[in-house]
Amino acid sequence: MNPAAMSIFVAVVLATLLLTWRAARRNRTAADHYVAGGRLGGWQNGLAITGDFVSAAAFLGISGAIALGGFDGYYTMLGVPLGFCLMLFLVAGPLRNLGRYTLADMLTGRSSRNTLRGLAAVNTLFISLIYMVAQFVGAGGLVSLLTGLDYRVAVVGIGVLMTIYITLGGMLATTWIQILKATLLLLGTLTLVVLTVARFGMSPDAVFGAVDGRLLRPSPPHSTWAALDLFSLNVSVGLGIASLPHLLIRFLTVPDARVARQSVITAGVFTGLFGIALPMIGYGAAALVGPDALYRASSAGNLAAPQLAEVLGGQVFLGFIAAVAFATIVAVLAGLVIATSGAVAHDLYGAVLKRGRVDERSQLTAARITSFAVCIVAMALALGARGLNLAFLISLGLAVAAATNLPVLLCTIYWRRFTSTGAICGTVVGLGAAVVLTLLSPSVLGASAFVPLTNPAVFCAPAGFLACWLGTVLGPPDRASGGCRSTRYRYVLRSATRPISWDSGHDPAGRPGATQRAGDHRAIVRPCHAGDRFSGDSSRAVRHCDRRSRGDGGTVSTSGRRPRRRPRRPPGVVLHRVRCTARSRG
């Protein structure tokens, strides 16, 4: 790149550092670091989800695959609508109501067993590290191709930037960087499409007519196993999107479930627009750059978008598209580091090792130290993984997420009898099936593979659901924490007009006598024990939670006058009823 193009590239880097500096001034608590204080709006979080989801593999890899292989390269995007529909209708709202900082908070909402929380944290760590290594390896190679830097220098430079972003700015800096990336990506994609169509007299049909007709027709599968492999790939993409930890924790950054669903709709619209533009970019590169030039630059066609930008707008536009690609890389990596550091600092350190007895300052310090350590580990793994099959890592991460997180999530939300034993069984079986089947697939063993599917999600996901069911039906039921045979209730206190406190029991962090402050929209979830009485001045406050025998069912009563008209924000109290299926001791 010439100096003008390089200056645009450097300007984007400086912009991300400026955003981090501003965010660092507001990153004062653990809630700020993990979930940006839970104060983001729907459109902000929607743009951030777009920036978190659309990786360099989608922007550069799919457009290049379309330019060289035709419509077959677009198959990967077919499972994306399924993932967003699952998030919108089944996951986003309940996850926001039950989660606090991490995915494990939600998965353990119906159980206080540290075994389940630790297992959920380890699973999050496993998935996120796999994705981080894949992103680091791809990012190092891409930056090396775009700027001419050595691969190791590129990886170290990206790692240093990640460390600065996350350690200082936390989730707030990550969100702003992802919004910047999404804005630049949409602007760059729109500009590429408009300039491409303008070269052909503003006629999209002329663009399609300028390429080889074979690129416009999907190739039929050559065997039954090939068709099943394609179906499994889209199942993996659809189910994996709805269960990747770094995407799910974005729903904890908004004040309530309604805004969480709004953010999914916003992200779906922007991601859909981006997906519609990819074929035009790919076919435009095939027509204006040519397959031979694309193949010489990258055998996989990963530089199709930058090459098309150079043809259409010269070196300046090339620098802008290169800056967009770099912003894409750092935004996705930042989200992965946040998810990983939360799993280690909040779940393993704060909840499992310290059993919730950790103050706000210690938890924030642990989060920053963990973020630094995660960046160093991922950077070291990426330096040693150059030349590794990235398709193997991506397929493994998607398969593990689809086989472990999604079954446990859906069963936790919608199955009253679901127990912690079922959650543990589903996680262990899903993880084992995904790892074993991926290691036996052609992605690792090539032609001598025992499993003919490159992505085994079509087998792993049902195995995870089956293990959840068997573990719940055959395993011991969860015990209520009270001293009677009873029905358990869980409640979420949210957005009270005045402080609401309880007289007995513990909050999720293990501190007795905690108080929900006015305007604090973070969900508080805990079992409702016999005799617990609650006091507060809110007109929607829960005053008494009465647990009766299983036969009677149990009741929850409220007192205080109700508001004359429904407020714009969600009501102050949201109740989630959970049946207790066991006799407790005593």
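Because the model is predicted, local features are taken only at pLDDT of at least 70 and side-chain atom pairs only at pLDDT 80 or more, while totals for chains, interfaces and linings use all residues. Residues are numbered from 1 along each chain as its sequence is written, and side-chain values use heavy atoms, with hydrogens and water left out.

**Whole chain.** Of its 586 residues, 56% count as buried, where buried means under 20% relative accessible area, exposed means over 50% and partly exposed lies in between, with a 1.4 Å probe and protein chains only.

**Helices α10 and α19.** Next, select residues 224-241 (α10) and 457-474 (α19), whose axes come within 8 Å and cross at roughly 50°; axes here are lines fitted to C-alpha atoms, for helices over the stretch in contact, and angles run from 0 to 180 degrees between N-to-C directions. The two helices are therefore oblique to each other, a word used for angles that are not under 35 degrees (roughly parallel), over 145 (roughly antiparallel) or 65 to 115 (roughly perpendicular). Show side chains for L228, F231, S232, S236 and L239 of α10 and for A457, V458, F459 and A461 of α19, which make the contact (heavy atoms within 4.5 Å). Staying on α10, colour its buried residues, among them D229, N234, V235 and I241.

**A154 in helix α8.** Move to residues 151-199, helix α8, where A154 is found. A154 counts as buried because its relative accessibility is 3%, and, leaving aside neighbours within four places in sequence, A154 is in contact with G140, V143 and S144. A C-alpha to C-alpha distance drawn from A154 to G141, 13 residues apart in sequence, comes to 7.8 Å.

**Two positive phi angles.** Most residues other than glycine have a negative phi, which gives a reason to stop at the next two residues. Select A36, in the loop between α2 (30-35) and α3 (42-53); A36 has a positive phi of about 55° although it is not a glycine, and A36 is buried, with a relative accessible area of 5%. Finally, select M202, in the loop between α8 and α9 (204-209), where phi is again positive at about 55°, but M202 is exposed, with a relative accessible area of 54%.

Definitions and conventions. Helix = DSSP H or I, 4+ residues; strand = E, 2+ residues; numbered from the N terminus.
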